[in-house]
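Open the structure in your viewer and keep the selection tool at hand. We will go stop by stop.

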Amino acid sequence: MKQFEYVRPASVAEAVAAAARPGAAYLAAGTNLLDLMKGGVSRPDRLVDITHLDGLDRIERLADGSLRIGALVSNADLAHDAEFARCYPAVAEALLSGASAQLRNAATVGGNLLQRTRCAYFYDTASRCNKREAGSGCDARGGENRTHAVLGWSESCIATHPSDFCVPLVALDAIVEIEGRAGRREIALDDLHRLPGETPARETALEPGDLIVAVRLPPAAREFAAHARYLKVRERTSYAFAVVSAAAALRIENGRIRDVRLALGGVAARPWRARAAEDLLKGATPAKDVFREAARRALADAKPSGDNAFKIELARRIVVRALTLAAAGTPARIPALPASPLASTSGAIHA
Ligand SMILES: Cc1cc2nc3c(=O)[nH]c(=O)nc-3n(C[C@H](O)[C@H](O)[C@H](O)COP(=O)(O)OP(=O)(O)OC[C@H]3O[C@@H](n4cnc5c(N)ncnc54)[C@H](O)[C@@H]3O)c2cc1C
Ligand code: SF4
């Protein structure tokens, strides 16, 4: 294993200064980063341990109705916060559908946002991978690629972003608070992850030293609580990444959709907001035919990047089902491990 320096800064400012050096990486729970280091995929010279930093492990309700979630809050603590699950049920459902109970107990909010792709060739240092080694090629092209991207991919990289959590967060217009060398700034989560283009190694809008300190859900995000779902199709019911997922959130008044949010996971290098589909749904009466048309719009630009044409039709069906379930209403109790959306879940529409 490559030798590296380990530092434990005492404050956010010290952490940013320590991580601004080339070759440095932040260490949160390490459930992704340490695996990558053990496999020789990530080779930082310096690990900046942020796990003990004060103030990053809080969930705060702000005066304007926003919710501020510290970057070190664990995925489990957030999902099991009763008030959080009541106000943002699709986000809690997404968190609970990720990884395993043990991993969720450790994994942090910031780490989840910045986890790396699960493309098998990225993890295999004997393979060519433009994301791991710029300009080396992409063995996923023409290789095992049935779970790869169908939207926003390029000839350089066809990998997907694996986070469940990010999908409803993007749908709900979450904001990321960042502490960097020039001080504090914030960006929409929708702008955090980049599409690969010709530079797939550049995955986010973050600069060296940038530390995610919190994620904020704006006041409007609570307005969807009565009609919000996250649906994930995976190759087994638990402990597996999404093949395709969808977050759907509706605000229904007098039988019509007054507002709607829709995002897809497992289809692109970033969580994929389906704005054209949202535009169609606004003002419509919830019904299967309009949901089908929305799904068609959401996947209008999709194209297979290999052996994965099936994902396009699968994604359309998951969009229809997520919208149908959201329209039917948020269940009173979110299952700890959501069953497969292809199993018997209620799909009746109560407009
Ligand atoms: C077997 C397995 C199954 C999994 N299944 C799923 C799944 O189904 N769905 C899903 O969504 N996830 C899944 N995960 C991924 C898991 O959710 C992530 O590993 C976890 O969320 C990462 O959080 P962490 O705190 O451990 O991050 P770390 O591993 O510590 O860090 C991950 C990356 O984020 C950076 N980082 C961490 N915190 C910050 C910060 N505050 N600011 C800036 N950079 C930061 C690190 O430098 C590193 O690059 C799975 C993981 C495993 C191992
Ligand atoms: S798809 Fe992207 S991550 Fe996977 S091998 Fe190709 S360049 Fe690497």
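Start with a side-chain pair. Select Glu 177 and Arg 216: their side chains are joined by a polar contact of 2.9 Å. Keep in mind that this is a predicted model.

Stay on Glu 177. This residue belongs to strand 6, residues 175-180. Is Glu 177 buried or exposed? Its relative accessible area is 6%. That is under the 20% cut-off, so Glu 177 counts as buried. Now show what surrounds Glu 177. Beyond its neighbours within four places in sequence, its contacts include Arg 68, Arg 184 and Arg 185. Glu 186 touches it too, as do Leu 211, Ile 212, Val 213 and Ala 214. Arg 216, the polar partner, is also on that contact list.

Next, the ligand. Select ligand 1 and the 30 residues that surround it. Which of them are the closest? They are Tyr 26, Gly 30, Thr 31, Thr 108 and Asp 164. Zoom in on Asp 164: one of its polar side-chain atoms sits 2.7 Å from a nitrogen atom of ligand 1. At Asn 32, a polar backbone atom is 2.9 Å from an oxygen atom of ligand 1. At Ala 240, a backbone N or O atom is 3.2 Å from an oxygen atom of ligand 1.

Move to helix 5, residues 89-96. How many of its eight residues are buried? Eight are. The run begins with Pro 89, Ala 90, Val 91 and Ala 92, and goes on through Glu 93, Ala 94, Leu 95 and Leu 96.

Select the four strands in the order 9-10-11-12: they form an open sheet with antiparallel pairing. Strand 9 (228-233) and strand 12 (272-273) are the edges; each has a single partner strand, so one side of each lacks a neighbour in the sheet. Look at strand 11, residues 256-265, beside strand 12: two bridges link them in the antiparallel sense. One bridge to look for pairs Ala 263 with Arg 273 of strand 12.

Finally, zoom out. Colour domain 1 (1-53) and domain 2 (225-346). Their centres, taken over C-alpha atoms, are 36 Å apart.

How values were computed:
Residues are numbered from 1 along each chain as its sequence is written. Chains are lettered from A and ligands numbered from 1 in the order in which they are written. This is a predicted model: local features need pLDDT of at least 70, side-chain atom pairs count only at pLDDT 80 or more; totals for chains, interfaces and linings use all residues. Side-chain values use heavy atoms; hydrogens and water are left out. Domain bounds come from an automatic or database domain assignment. Two strands pair if DSSP finds at least two bridges between them. Buried means under 20% relative accessible area, exposed over 50%, partly exposed in between (1.4 Å probe, protein chains only). A residue is near a molecule or strand if one of its heavy atoms lies within 4 Å of it. A polar contact is a pair of N or O atoms within 3.5 Å; within protein, one must be able to donate a hydrogen and the other to accept it, and residues adjacent in sequence count only if both atoms are side-chain atoms. Contact means heavy atoms within 4.5 Å.
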